[in-house]
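Reader: I am new to reading protein structures, and I would like to go through one slowly with you. Could we look at the picture together and take it question by question?

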Amino acid sequence: MGIQFTIGIVIVLYLVMMILIGVIFSKGNDDAGDFYLGGRKLGPFVAAMSAEASDMSSWLLLGIPGVAYLTGLADATWTIIGLAIGTYLNWLFVAKRLRRYTENIGAITIPEYFAARYNDKKNLITLISAIVIVIFFIPYVASGFAACGKLFNTLFGVNYLFAMIVSAIIIALYCSLGGFKAVCMTDLIQSLAMTVSLIVVIFFGINQAGGFDQVIENAKSLPGYFTITQIHDPVAKSAKPYGLLTICSTLAWGLGYFGMPHILVRFMAIEDEKKIKLSRRVASVWVVIAMFVALLIGIIGLAMSATGKIPVLEGSGNAERVIIYITNLMSSYGILPAIIAGIILSGILAATMSTADSQLLASASAISADLIQAFGKKKLDDETQVKVAKITVVIISVIAVFIARDPDSSVFQIVSFAWAGFGAAFGPVVLLSLFWKRSNLQGAIAGMIAGGAFVFIWKYVIAKLGGAFAIYELLPAFLIALVVNIVVSLVTKAPDAVTTETFDAVKNS
């Protein structure tokens with residue numbers, strides 16, 4: 001009881017700190033530009049860590065270890081490689097150009113940027129992009145809430161739904177209070193908490209599994225587990241081939257970065273574009289290390305199951321709790337380990353909260369700034385706009401809680417689908433809008449619709465045909481959206497002079 005109480009106190013203190021940050025940054029936050037973009041004043045280190053913490057959602061500490069625990073190196077490793085490449089290329093090619101472009105045209109949200117970039121006076125692209133954000137962010141937020149529910153249910157035996165609702169309330173509270181500044185500051189703290197969690201769990205887990213050699217031997221003993229060209233089948237206890245097409249589709253996770261609104265908005269908020277190079281280095285190094293350590297936790301967890309230190313976890317929903325079981329074991333060694341365990345579990349919360357808060361804010365901006373004002377032609381003053389955004393945060397949180405009410409839902413699977421949706425719908429549009437002057441409004445709209453639609457079509461219709469079609473939906477949907485965007489742009493009227501002059505001005509600045 002004392003140990004559980006100690007862990008609970010540490011977690012409560014962490015959550016209180018998050019709320020206090022929201023209260024602190026709520027002052028002077030009545031301006032829409034400050035609430036959504038922090039006045040474009042993010043420093044290089046905060047920008048890097050905030051972008052990556054908002055990206056490394058609950059799947060960093062739950063999803064990746066869970067996949068590695070069940071199926072071995074292949075799926076997790078190729079996903080990590082794809083994401084690492086995508087992270088670097090996004091910072092290298094998109095960050096500076098997007099920062100410069102959005103400042104030039106005065107855009108504070110991604111849909112607003114699309115509308116201004118293509119001189120869309122009817123704001124049709126604003127409507128479509130805002131709908132895409134709401135459709136794919138709500139399940140993304142739901143995955144974060146589900147992770148919180150799993151944490152408290154596994155650790156304390158608290159009812160899953162109750163734990164999830166409380167977590168959602170806290171996230172929505174500090175997000176609605178402090179806006180973008182609070183989100184970025186909490187992201188920085190949460191990235192540090194995630195780092196501590198990963199390091200401590202690694203060393204403790206290796207010790208409990210009987211040493212690193214024992215961890216590797218256990219992994220090698222399972223067919224297809226310790227290789228990146230095969231995948232382990234935990235049910236049949238056999239190996240399956242991990243072919244070139246599957247590798248390519250898994251690497252396609254990296255394409256998703258070009259279309260992630262909650263990451264792109266960090267680029268828009270950077271104070272000094274000359275320091276983006278530093279941000280890129282910090283972000284890329286942290287992401288690579290964090291993801292490979294998360295993969296190792298899954299392998300260590302499996303070795304601990306083999307020695308009886310933690311239960312054998314079956315199914316993706318249960319396997320994603322491996323780090324929680326390891327941490328819970330650590331807490332049984334006394335008060336000090338319990339405090340450390342509390343910090344680690346706070347890190348799991350951090351991974352969830354750092355993404356959920358960013359997604360809530362992006363969804364709120366899509367509705368209040370883009371749907372109501374830009375498309376609905378309802379001009380709101382800054383104070384009213386911020387109030388509408390805060391109400392939107394609450395409404396989206398309620399919907400997300402409803403979606404995530406099933407405790408057996410897989411965090412990795414939900415995130416995978418939402419990631420594909422944004423990558424395919426927004427990724428090609430972002431890249432072409434920044435680097436191809438001939439790209440026009442008709443092409444952007446057609447590509448966006450095609451990308452979003454084909455994510456659903458491929459996953460729920462074509463992929464069920466099996467064989468070569470059973471690949472990650474992001475790859476085919478992204479390529480289809482890119483082709484549609486280019487073809488439609490070429491067969492329709494070229495952009496007007498104002499649009500091309502703005503493009504040239506940004507390019508040459």
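Author: Asp233 is found in strand 1, which covers residues 230-233. Please keep in mind throughout that this is a predicted model.

Reader: Is Asp233 buried or exposed?

Author: A residue counts as buried when its relative accessible area is under 20%. Asp233 has a relative accessibility of 14%, and therefore Asp233 counts as buried.

Reader: Which residues is Asp233 in contact with, once its neighbours within four places in sequence are left aside?

Author: Pro223 lies ten residues from Asp233 in sequence, and the two are 8.2 Å apart in space from C-alpha to C-alpha. With the neighbours within four places set aside, the contacts of Asp233 are with Ser238 and Lys240.

Reader: Stepping back to the whole protein, how many helices and strands are there, and what share of the residues is buried?

Author: The secondary structure comes to 20 helices and two strands. Among the contacts with a separation of 6 or more, 84% are between residues 24 or more positions apart. Of the 509 residues in the protein, the buried share is 59%.

Reader: Why do the buried residues of helix 10 line one face of the helix?

Author: In helix 10, which runs over residues 244-251, the buried residues are Ile247, Ser249 and Thr250. Looking down the axis of helix 10, these buried residues fall within an arc of 165°, so they line one face of the helix. They pack against helix 5 (73-105) and helix 19 (474-491).

Reader: How are helix 5 and helix 10 oriented to each other, and which residues of helix 10 meet helix 5?

Author: The axes of helix 5 and helix 10 come within 7 Å and cross at roughly 45°, and the two helices are therefore oblique to each other, with a right-handed crossing. On the helix 5 side the contact involves Asp75, Trp78, Thr79, Ile81 and Gly82, and the residues they meet in helix 10 are Ile247, Thr250 and Leu251.

Reader: What is the make-up by class of the contact of helix 5 with helix 11?

Author: The axes of helix 5 and helix 11 (residues 261-269) come within 7 Å and cross at roughly 60°, which makes helix 5 oblique to helix 11. This crossing of helix 5 and helix 11 is right-handed. Helix 5 contributes Asn90, Trp91, Val94, Ala95, Leu98, Arg99 and Thr102, while helix 11 contributes Ile263, Leu264, Phe267 and Met268. By class, the contact of helix 5 with helix 11 has eight nonpolar, two polar and one charged residues.

Reader: Why does helix 5 count as oblique to helix 20, and how do the residues of their contact divide by class?

Author: The axes of helix 5 and helix 20 (residues 497-508) come within 10 Å and cross at roughly 130°, and that angle makes helix 5 oblique to helix 20. The crossing of helix 5 and helix 20 is right-handed. In helix 5, Arg97, Arg100, Tyr101, Asn104 and Ile105 meet Thr499, Thr502, Phe503, Val506 and Lys507 of helix 20. The residues of this contact between helix 5 and helix 20 divide into four nonpolar, three polar and three charged.

Technical notes
Residues are numbered from 1 along each chain as its sequence is written. This is a predicted model: local features need pLDDT of at least 70, side-chain atom pairs count only at pLDDT 80 or more; totals for chains, interfaces and linings use all residues. Side-chain values use heavy atoms; hydrogens and water are left out. Buried means under 20% relative accessible area, exposed over 50%, partly exposed in between (1.4 Å probe, protein chains only). Helices (H or I, at least four residues) and strands (E, at least two) are DSSP runs, numbered from the N terminus. The arc is that of the directions from the helix axis to the C-beta atoms. Contact means heavy atoms within 4.5 Å. Axes are lines fitted to C-alpha atoms, for helices over the stretch in contact, and angles run from 0 to 180 degrees between N-to-C directions. Angles under 35 degrees count as roughly parallel, over 145 as roughly antiparallel, 65 to 115 as roughly perpendicular and the rest as oblique. A crossing is left-handed if the near helix is turned anticlockwise from the far one by less than a right angle, and right-handed if clockwise. Ala, Val, Leu, Ile, Met, Phe, Trp, Tyr, Cys and Pro count as nonpolar, Asp, Glu, Lys and Arg as charged, and the others, Gly among them, as polar.
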